[in-house]
Amino acid sequence: MTGRERRRGPVDDLADPVGRQRGSTGRDRHLLAALAEARDLPDGPPRLVELERIAAQADAGGDDRSAVEARLALIDTALLHGERWRLVEPVRRCLAVLDRRPELFDDAEVDLLLRHQRYAVEALLGTPRVGLDQVRSVDDLAGRIGADAEAVAELRCRIADHLGDEPTAREWYDRWRAAEPDPVSGCPGCAPARRAELLAGWGEWPAALAELRAALDGTVECTDQPERALTAALLPWLRTGEPERAAVAHVRAYRRHRTERGAFAYLATHLRFCALGGHPGRGLDILADQLPRLDHPHDDLTAMEFAAAGALVCALAVDAGLGGRTLRRPAFGDRPAAELDVGTLGAVLLGVATELAGSFDARNGTGHQTGRIAAWLAERPVGSAVPLPADDDPATAGDAPADDPEPGELELAPLTLSMITDGLDRRGDRYAVDADGTVVGRWGTAVIQFRRVGERGEILHARALAGRRLPAGRRAEAYAFCNAWNHDRLLPKAYVHELGDELLLGGDLSTDLAHGVAPAQLTVLLDAAVTTGVAYADAVAALP
């Protein structure tokens with residue numbers, strides 16, 4: 001269980017203050033059992049569908065608490081996969097219950113729900129699948145936390161900017177900057193970077209760098225820093241005549257962003273730096289490395305920006321005589337894999353960007369996003385290119401000593417893919433890393449996967465899959481085994497997944513590392529995941 005989850009069980013049932021005909025608590029015990037089973041499903045669409053079914057059934061039966069719990073679990077699952085657009089309806093329904101029956105919520109859940117309301121509003125910025133009427137949710141949020149709250153000013157500023165209303169966005173920007181932080185505002189260490197990104201979009205290069213000063217000086221405590229701030233400073237440094245600083249910042253920040261799932265949003269800026277800084281070859285290398293992620297983007301906005309920046313790189317690469325290079329576009333869905341020359345890939349990416357921009361503008365009733373993408377594509381290199389430092393150059397390692405660029409064994413650092421693989425290397429394990437950064441290995445009878453999940457890749461998620469599968473006819477026995485395991489052992493959380501005529505038995509372990517993790521601590525977590533995963537798989541193998 002991660003720090004952001006709050007799961008209720010039978011004890012919470014007894015504490016429910018409302019009595020109904022079904023018992024003293026008013027909770028439908030069949031729904032409670034179904035909800036427990038749904039939480040044990042693997043992350044993905046089947047879990048979302050089951051949670052939606054349980055919530056609807058609870059609504060129909062008047063079991064408000066079960067409906068809220070199902071929707072909170074649904075929200076957690078959607079956030080885990082970066083699908084904020086799925087939050088709008090469950091957040092709206094939970095807020096309606098909060099207004100009608102506030103006694104069903106404790107203070108922590110109210111605070112959590114308000115943060116989810118913010119995320120649901122931000123979904124408007126990320127995808128045209130959310131209706132523009134979601135803007136009214138900002139008024140509702142303002143009524144709950146105050147019209148002058150920082151989160152309210154920020155959301156109004158970013159929505160106005162998204163719609164192309166720069167004068168209104170600037171007015172709200174000033175109020176946002178002057179507001180006091182509140183619990184719904186998000187990470188205070190990232191707020192300056194978000195403001196700097198807005199200022200850079202308005203061409204306010206010195207002001208953007210001024211916003212980033214504290215993060216760049218290392219005085220901000222945030223696991224996304226300084227790499228996010230370094231990325232936000234790339235184009236301002238280029239535009240203000242400091243290409244050498246931009247070159248070092250790009251290499252340092254991209255070293256981290258190239259593998260972090262939550263860092264997809266920053267890749268467009270890295271590509272634009274390569275294009276405008278005179279490094280089209282480096283831009284093509286990044287495209288070749290990152291193109292598979294375009295099929296699994298964080299949201300539609302980041303996909304649009306990545307595609308537009310990639311199209312710019314391709315256009316300038318053709319101008320630089322690199323048009324004969326080919327890049328592999330992997331298969332996805334019904335689309336076969338293909339080797340595309342630079343010009344053809346640029347046309348494909350341009351099509352993706354313009355289609356998404358058109359979808360946003362159709363929803364918004366403006367032409368702002370299409371115009372913004374056109375402006376990007378019209379940009380040309382700024383001055384002469386400066387050499388990029390090598391990836392292992394000490395100059396790109398920040399304040400770390402040249403002979404020890406990695407965090408010390410007891411030094412906290414943001415969780416990265418390389419930290420996971422380094423930890424397994426120290427153990428002497430054999431493994432593979434797939435295209436989306438999932439580390440997979442076999443230990444005895446267990447196949448164990450390690451991946452980083454969460455909005456910033458801050459959660460270490462380990463999944464152990466037993467090598468032995470049971471026939472579907474032993475479903476009741478499999479569930480009884482998993483229930484007994486979960487009752488008697490802390491790790492991993494056991495579940496049954498039905499695969500046609502077979503049952504796959506797996507176990508999950510998640511650890512929230514939002515405040516960072518030391519390599520020594522990560523080694524302990526990896527040891528625990530492997531040890532308990534193997535024990536679980538061996539127990540499955542020992543079933544009669």
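This note describes selected helices, strands and individual residues of a predicted model.

1. Basis of the model. The model is predicted: local features need pLDDT of at least 70 and side-chain atom pairs count only at pLDDT 80 or more, while totals for chains, interfaces and linings use all residues. Residues are numbered from 1 along each chain as its sequence is written, and side-chain values use heavy atoms, with hydrogens and water left out.

2. Helices H4 and H5. Helices (H or I, at least four residues) and strands (E, at least two) are DSSP runs, numbered from the N terminus. The axes of helix H4 (residues 64–80) and helix H5 (residues 88–100) come within 9 Å and cross at roughly 145°; axes are lines fitted to C-alpha atoms, for helices over the stretch in contact, and angles run from 0 to 180 degrees between N-to-C directions. The crossing of H4 past H5 is left-handed, that is, the near helix is turned anticlockwise from the far one by less than a right angle. Contact means heavy atoms within 4.5 Å. On the H4 side the residues are Asp-64, Val-68, Arg-71, Leu-74 and Ile-75, and they meet Pro-90, Val-91, Arg-93, Cys-94, Val-97 and Arg-100 of H5. By class, this contact of H4 with H5 has 7 nonpolar, no polar and 4 charged residues. Ala, Val, Leu, Ile, Met, Phe, Trp, Tyr, Cys and Pro count as nonpolar, Asp, Glu, Lys and Arg as charged, and the others, Gly among them, as polar.

3. Helix H10. Leu-199 has its place in helix H10 (residues 191–201). With a relative accessible area of 4%, Leu-199 is buried; buried means under 20% relative accessible area, exposed over 50%, and partly exposed in between (1.4 Å probe, protein chains only). Not counting residues up to four places away in sequence, Leu-199 touches Tyr-173, Glu-204, Ala-207, Ala-208 and Glu-211. Glu-197 is also found in helix H10, but at 34% relative accessibility Glu-197 counts as partly exposed. Leaving aside neighbours within four places in sequence, Glu-197 is in contact with Arg-228, Ala-232 and Tyr-266.

4. The loop between H12 and H13. Asp-224 lies in the loop between helix H12 (213–216) and helix H13 (227–232). Because its relative accessibility is 7%, Asp-224 counts as buried. Beyond its neighbours within four places in sequence, Asp-224 is in contact with Cys-190, Arg-256, Tyr-266 and Arg-456. Pro-226 is found in the loop between H12 and H13, and a cis peptide bond, with omega of about 5°, joins Gln-225 and Pro-226.

5. Helices H18 and H19. The axes of helix H18 (residues 300–319) and helix H19 (residues 342–364) come within 8 Å and cross at roughly 145°. H18 passes H19 in a left-handed crossing. Among the residues that make the contact are Met-304, Ala-311 and Cys-314 of H18 and Leu-349, Leu-356 and Phe-360 of H19. The contact of H18 with H19 has, by class, 18 nonpolar, 3 polar and 1 charged residues.

6. Strands E1 and E2. E1 pairs with strand E2 (residues 338–341) in the antiparallel sense over 4 bridges; two strands pair if DSSP finds at least two bridges between them. Leu-340 in E2 is the bridge partner of Leu-327.

7. Strand E9 and its partners. Of the 11 residues of strand E9 (residues 502–512), 8 are buried, and the strand is mostly covered. Strand E6 (residues 459–466) pairs with E9 in the antiparallel sense over 7 bridges, with Ile-459 opposite Asp-512 of E9. Strand E7 (residues 470–471) is antiparallel to E9 over 2 bridges, and Leu-470 stands opposite Leu-503. Strand E8 (residues 493–499) pairs with E9 over 7 bridges, also in the antiparallel sense, and Lys-493 stands opposite Asp-508. E8 and E9 form a hairpin with 2 residues between them, and Gly-500 in the turn has a positive phi of about 65°.

8. Helix H23. The 23 residues of helix H23 (residues 519–541) should span 33 Å at 1.5 Å a residue, and the end C-alpha atoms are 33 Å apart, which agrees. The expected span is 1.5 Å times one less than the number of residues. The buried residues of H23 include Leu-522, Leu-526, Ala-529, Gly-533, Tyr-536 and Val-540. An α-helix has 3.6 residues a turn, so residues three or four places apart point the same way.
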